[in-house]
Amino acid sequence: MPSPPPEIWVPIKLTLELAAISTLSLIIVATPLAWWLARSKAWFKEAVAAVVSLPMVLPPTVLGFYLLIALGPDGPGGWVASLWGARTLAFTFTGLVIGSIISSMPFVVQPIRNAFAAVGDRPLEVAATLRASPPRAFFTVALPLASPGLLTGAVLGFAHTVGEFGVILMIGGNIPGRTRVMSTAIFDFVETMRWREANLLAGGMVAFAFAVILAMILIEKRFARAGA
Amino acid sequence: MTERPAIRAEFRGTLGKFALDAGFTAPAKGVTALFGPSGCGKTTVLRCLAGLVHLKGVCEVDGDVWQDENGAFLPTYKRPLGYVFQEASLFPHLSVRRNLLFGAPRKDGGPREPIAFDEVVELLGLTRLLDRSPRNLSGGERQRVAIGRALLSQPKLLLMDEPLSALDRATKNEILPFLERLRDRLALPVVYVTHDIAEVERLADGIVLMDKGRVIGSGPLGELETDPSLPLAMARDAAVSLDGVVQANDQAYGLVILKVRGGAFSAPAPPAPLGQRRRIRIVAGDVSLAREAPGPSSILNILPGRIVSMKPVDSNEVVAVVALGPDGAGARILSRLTRKSWEALRLGEGASVYAQIKAVALAAGRGDLD
């Protein structure tokens, strides 16, 4: 069997980079948001939760459409881009990262929120009676106890970013080497009848998805046993 | 107990449908039991003391104001207290040692902490558990670690919320001696919530009686136990706890002679060091009264005293409060007798009597168990 053509490596590398940066950003943004959703008594918190969850239900093209407008020259993205002399964030790698963060957010927030809710009030009350200030209680008690949820959130966020297609196509433009990731590359290879490359990438994604799901099950099993 | 109160607390407010309006003071030393039926608000009072619940009121401990009527409210983590919850609530991600040290002040070469790590570990028998995970401990071991963890945060006040109620009888009996040692060795005020009168009788020095969100009586344990206007004295299993000092050992018969105010009791027990403080429990139903000194009797403890007051329980029984000593100046005990006997003996307030006590139970040693 001949070795795979070199052009499939470019989208693979780009995809992994995108997923890694997005996942890291997601954890940083989603953790405080999930903490607030799990603990706040504000009346509007479920409305916020619903907004965060919208990308789960919206067609990716709808989400991509609005993102395209937001990232474009006339949206806030264009203003941000002007800070370094660019015209737009659409069709850029930064744009893809922002789009991925928003479209994967619900998959990260939900498990972390559930984990914080499962920790409950008691460990935090105990920490407070032991002189732990709220930040110290958060970092030394809540975060370690919710770590399985964070791990699940990271895995799901990473996997969802790798698998996103519609949003990426809408805001990324499928530019080789800059915004062409695996999912859009497969589409491209099929369009140009390059079945072997499409097959390789698609098969790789199947193997990856299997590994992700298996990993999640094993994580859950391990923590369920440890928590018993 | 005439010491200046170290703890002054008053809380009012509603939580859901439950209304609380409770105030009490407690001395700077010893165990104060918050006692009452389930749902009477004792745990809420404890949570208010800790600042875990914020109701209107006042909370002063050892001269420091933790909460006042003008809205001052110190958050829990700034209050120097220890809190032992009903369930041990250890941090599962930390070893026993790191649980114990979680609230301990950071070492900075300052003066030695008043409650030392080694002392607590020894006091609570934790040496073998230090490097284990809380997941692998028994219920009793967990609760001991939780108590040690609270102590090592160097509290000025220890709050305990039914620390034994989640444990089975055997485990309770395993922990009670540790609590007694703790009470005797550490000069730390303890507020102890319980609905189990047996725990009160063994551990408490003072008691705050609660019912339906209110305090219906508070003071030294012996005083409240012998107050006929309170439910304690009228209960079917009413008893009085007396603190005494070992006066002699009758080794030939295996008896310990214990001096209390206004009299002395013999109780079956292994010999105890002279001068040791011990607590006895006298059940009201085990005390019968006679007008004159009885002749030879199998009853060991027959003490003169005077009737202080009487209250009918129902149509056929009464409870009499008897002050020990011929002059009636000593400690008070209860006697539960039939109304028929009360009238037949023509008893009344101020009458001289002989209290015949069928059974005297000696609690485990105060001070050293080792």
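**Notes on the two chains**

1. Strand β16 (residues 301–312) of chain B and strand β19 (residues 352–357) of chain B run antiparallel and are joined by six bridges. Within this pair, G305(B) is found opposite V353(B) in β19(B). As with everything that follows, this is read from a predicted model.

2. The pair belongs to an open sheet of five strands of chain B, whose order is β15-β19-β16-β17-β18 and whose pairing is antiparallel. The edges are taken by β15 (287–290) and β18 (332–338) of chain B, and since each has a single partner strand, one side of each is left without a neighbour in the sheet. Direction ignored, neighbouring strands of this sheet are turned against each other by 45° on average.

3. Another open sheet of five strands in chain B has the order β13-β12-β11-β14-β20, again with antiparallel pairing. Here the edge strands are β13 (263–268) and β20 (361–362) of chain B, each of which pairs on one side only. Inside the sheet, strand β11 (residues 239–250) of chain B pairs with strand β12 (residues 255–260) of chain B in the antiparallel sense over five bridges, and in this pairing N249(B) stands opposite V256(B) in β12(B).

4. One of the paired positions is E10(B), whose bridge partner in β2(B) is G23(B). The hairpin formed by β1(B) and β2(B) has two residues between the strands, and G16(B) takes a positive phi near 65° there.

5. Helix α4 (residues 139–151) of chain B deserves a separate look. Its 13 residues should span 18 Å at 1.5 Å a residue, and the end C-alpha atoms are 19 Å apart, which agrees with that expectation. Is this helix largely enclosed or left open by the rest of the structure? Of the 13 residues of α4(B), 11 are buried, so the helix is largely enclosed by the rest of the structure. The buried residues include the charged-type positions E141(B), R142(B), R144(B) and R149(B), and among the others are V145(B), I147(B) and L151(B). The cover over the buried residues of α4(B) includes β6, α2 (96–101), α3 (117–123), β7 (157–161) and α5 (169–185) of chain B.

6. Chain B is divided into domain 1 (5–225) and domain 2 (240–362), and the centres of these two domains of chain B, taken over C-alpha atoms, are separated by 33 Å. The contact between them draws four residues from domain 1 of chain B and six residues from domain 2 of chain B. On the side of domain 1 of chain B that touches domain 2 of chain B, the largest share, three residues, is supplied by helix α7 (residues 221–225) of chain B. By class, the residues on that side of domain 1 of chain B are one nonpolar, one polar and two charged.

7. Among the contacts in chain A with a separation of 6 or more, 71% are between residues 24 or more positions apart.

8. One loop position in chain A may be checked by eye: G120(A) lies between α5 (93–119) and α6 (122–129) of chain A. With 13 other C-beta atoms within 10 Å, G120(A) is partly exposed. The C-alpha atoms of G120(A) and A70(A) are separated by 38 Å, the two residues being 50 residues apart along the chain.

9. Finally, the contact between the chains takes 16 residues from chain B and 14 residues from chain A. On the side of chain B that touches chain A, strand β6 (residues 81–84) of chain B gives the largest share, three residues. That side of chain B has nine nonpolar, six polar and one charged residues.

Note on methods:
Residues are numbered from 1 along each chain as its sequence is written. Chains are lettered from A and ligands numbered from 1 in the order in which they are written. This is a predicted model: local features need pLDDT of at least 70, side-chain atom pairs count only at pLDDT 80 or more; totals for chains, interfaces and linings use all residues. Two residues are in contact if their C-beta atoms, placed from the backbone, lie within 7 Å. Domain bounds come from an automatic or database domain assignment. Helices (H or I, at least four residues) and strands (E, at least two) are DSSP runs, numbered from the N terminus. Two strands pair if DSSP finds at least two bridges between them. The expected span of a helix is 1.5 Å times one less than its number of residues. A residue is buried if 20 or more other C-beta atoms lie within 10 Å of its own, exposed if 12 or fewer, and partly exposed in between; C-beta atoms are placed from the backbone. Axes are lines fitted to C-alpha atoms, for helices over the stretch in contact, and angles run from 0 to 180 degrees between N-to-C directions.
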